[in-house]
Amino acid sequence: METRPWRGSSDDDCPLSDTLRLLGGKHTTTILHCLVDGDLHFLELGRALPNVSRKVLTAELRALIEGQIIVRTEEGDTLGRVRYGLSQRGRDLGEILGQLYDWAIDGGGYERAKRWSNCSASGQPEGKPTVA
């Protein structure tokens with residue numbers, strides 16, 4: 001695979017810097033991990049991330065929507081429910097994050113990697129995130 005040269009992270013025009021800033025939210029990667037297995041309603045995301053306030057979750061979801069990483073779909077029911085899911089760009093990013101995960105594990109037995117959990121299950125560690 002051929003790679004393109006990239007500029008230093010201090011450059012304002014660097015797409016890599018922009019991407020890293022987008023992913024730099026405290027809970028962003030956890031939110032993405034929860035959405036890898038499929039769309040979730042806001043309340044389902046909130047339950048999967050009990051230590052994240054609604055305000056912070058909303059702010060991070062808005063940033064990911066603006067970055068075209070996730071999509072927000074209104075259910076159109078009387079409850080006003082919305083679903084969040086990965087866009088195609090988000091699914092592509094999920095594959096890259098999976099490779100980055102492998103790179104981190106292969107580089108030294110990263111112990112904290114055991115903390116990854118399946119958001120749709122009991123919350124017990126179940127290994128590496130996968131992209132559907």
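Trainee: Why is aspartate 18 called partly exposed?

Mentor: Its relative accessible area is 37%. Buried means under 20%, exposed over 50%, and partly exposed in between, with a 1.4 Å probe and protein chains only. So aspartate 18 at 37% is partly exposed. This is a predicted model, where local features need pLDDT of at least 70, side-chain atom pairs count only at pLDDT 80 or more, and totals for chains, interfaces and linings use all residues. Residues are numbered from 1 along each chain as its sequence is written, and side-chain values use heavy atoms, with hydrogens and water left out.

Trainee: What makes the pair of aspartate 18 and arginine 21 a salt bridge?

Mentor: A salt bridge needs a side-chain nitrogen of Lys or Arg within 4 Å of a carboxyl oxygen of Asp or Glu. Here the N to O distance is 2.7 Å. Therefore the pair of aspartate 18 and arginine 21 qualifies.

Trainee: Where do aspartate 18 and arginine 21 lie?

Mentor: Both sit in helix 1, residues 15–22. They are three residues apart, about one turn of the helix. Helices are DSSP runs (H or I, at least four residues), strands likewise (E, at least two), numbered from the N terminus.

Trainee: How many salt bridges does the structure hold?

Mentor: Four. Among them is arginine 83 with glutamate 75, at 3.2 Å, N to O. Another joins arginine 81 to aspartate 77, at 2.8 Å, N to O.

Trainee: How do you know whether arginine 83 is buried, exposed or partly exposed?

Mentor: Its relative accessibility is 25%, so arginine 83 counts as partly exposed. Glutamate 75 is partly exposed too, at 32%. For the other pair, arginine 81 has 38% and aspartate 77 has 28%. Both are partly exposed.
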